[in-house]
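Hi there,

Here is the structure I promised to pass on to you.

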Amino acid sequence: MLASLAELWFDRARTHPDDPAVDDGRGWLTWAELLPRAGAVGAALAEAGVGPGDVVVLQARNTVEWVLVAAGVHLLGATLAPLGAEEPVASRQEYAARVGARVVVAEVPVAGELDLGLARPPHPVPTGREIDLESADPRGVRSPGPAVVLATSGTAGHRSTVPMDHDVLVRLYGDVAVMLDVGRGDRLLGVVPLAHSFGFNGLLVLALLTGASLRLVPDRDPRALPGLVRESGATIVAGPPALLHDLAGAVLGGDGLGPHVRLFMTGATEVRPDALLPLADRAGIPRVSSGYGLTQTCGTVAICPDIGRLTDAGHAPMTVVPGVEVVVVDALGSPVPPGARGRVLTRGYQVAVPTDADGWLVTGDEGHLHPDETLCITGRVDDQLVVSGFNVDPVRVEQALARSPYVAQVAVVGVPDPRRGHRLVAVAVPAEGVDADGRNDAAVLAQARAVLAGYEVPDTVVWMDALPHTTTGKLSRATVRRMLAEHLGDHDQED
């Protein structure tokens, strides 16, 4: 069994040298062509001081160059720490300091950072830094650290980091490939950002393990998606439920997806077959799979290979991957009987950041187990929200909004959205001296965009005179949601 991603890069070039590996619409590389290009990137990184165990932050859109930098990092035995392309420069710099990055590679670099262009040919290999890929033994690549460190929303307004080991990813996504029947003949459409666990693990690692090719999408345009799917020959499209909404909507406009797509892979806090299957049927996609996982579990806990064939009271029952445990507990932490809803806990080799000394991760998800131990996820039990497949911590968003001179207090809540899961609304109390005419929504949101990713920025600001709190002084989000629903209802009636 291959134990590292470096070995996988070598193995694909040796076993499937002429197979297409990756393209982004501007050109493509076979597995054999990819390896020496990655070696040149590794040499350039080594010249910049990167060695085994060092961390490299990478921020760019889904491009061939992104993949080449990732491969170059792994060939050096270093650790990749990607960041979403939407994150502002300040977040990138804070993140680089947090993970102790040796270098930062960016599509739009600032002083002291490396340009993503180092992955574009022709790139001279610095003298004395050549990597002999023909004779190199990938087992000799020392990887003292994790393969990748991924960022996720924290629980108190602070981004957390999750290290993922090489052998864990190889084992976990080897099982996922078998459960979903992904193979060498598949072509994966990479709309999901590679900096996200779904993208890195569910697309790139899956392609490395199976030899499937990867068609990356640098810029997502919902109107262009059907044509891109057809022209790419994609057999598997992966993304949040919002992507299926976009595809179905475009097909209604007259665009078909062509004959090749056989599977839509998705994952979200709550996947509703009754909502997604009509969309898949409209788009002409015969099968939809659903996965459940968190960044802290390296992206996967359980899989439902076909939500159309396996449904339960409107939810998709998922099979827990081998070597992983799941229990559902009540508010006191005691296991509940099969069929009863409660908080989901998981434990296993792929739990990168356990909550307790026994290795359990206490999630913020609600679900229930069947007698056959399949798992249904039915919602959230904490405040974290999911927007277009991305976890959003409202506290982090509130901290950004509270910097505005117009805002005294603010609460961020999610309003159900059929396409994105939630849309964010900021309920704000104006600062002293700010009258109704001075409540500048655009200025408040613009300031937030400087420190937040695009999907974290609320769509709307609703101004109120005060926010509700509990008897202990804690913000009552449940009451905020009720107040917001009443406000929106009154507004609709006035319109």
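Below is what turned up, starting with the aromatic rings and ending with a sheet.

Please keep in mind that this is a predicted model.

Searching the whole structure gives three aromatic pairs. One of them is formed by Trp9 and Trp31, a tilted pair with 6.4 Å from centre to centre and 55° between the planes. The two residues are 22 residues apart and link distant parts of the chain: Trp9 belongs to helix α1 (residues 5-15), and Trp31 to helix α2 (residues 31-47). Trp9 has a relative accessible area of 2%, so this residue is buried. Trp31 counts as buried because its relative accessibility is 3%.

Phe390 and Tyr455 also pair up: their ring centres are 4.3 Å apart and their planes are at 10°, so this pair is stacked. Phe390 lies in strand β21 (residues 390-392), whereas Tyr455 is in the loop between α11 (441-449) and β24 (460-463), so the pair ties together parts 65 residues apart in sequence.

A ring also meets a charge here: the charged end of Arg171 sits over the ring of Tyr349, 3.7 Å from its centre.

Now for the sheet. Four strands make an open sheet in the order β16-β17-β18-β19, and their pairing is antiparallel. At the edges are β16 (324-329) and β19 (375-380), each pairing on one side only. From one strand to the next, the twist averages 50°. Within this sheet, strands β17 (residues 342-348) and β18 (residues 361-369) run antiparallel and are joined by four bridges. Thr346 stands opposite Leu361 of β18.

Enjoy exploring, and write back with any questions!

Best wishes

Methods
Residues are numbered from 1 along each chain as its sequence is written. This is a predicted model: local features need pLDDT of at least 70, side-chain atom pairs count only at pLDDT 80 or more; totals for chains, interfaces and linings use all residues. Side-chain values use heavy atoms; hydrogens and water are left out. Rings of Phe, Tyr and Trp (its six-membered ring) pair if their centres lie within 6.5 Å; planes under 30 degrees apart count as stacked, over 60 as edge-to-face and the rest as tilted. Buried means under 20% relative accessible area, exposed over 50%, partly exposed in between (1.4 Å probe, protein chains only). A charge sits over a ring if NZ of Lys or CZ of Arg is within 6 Å of the ring centre and within 35 degrees of the ring normal. Two strands pair if DSSP finds at least two bridges between them. Axes are lines fitted to C-alpha atoms, for helices over the stretch in contact, and angles run from 0 to 180 degrees between N-to-C directions.
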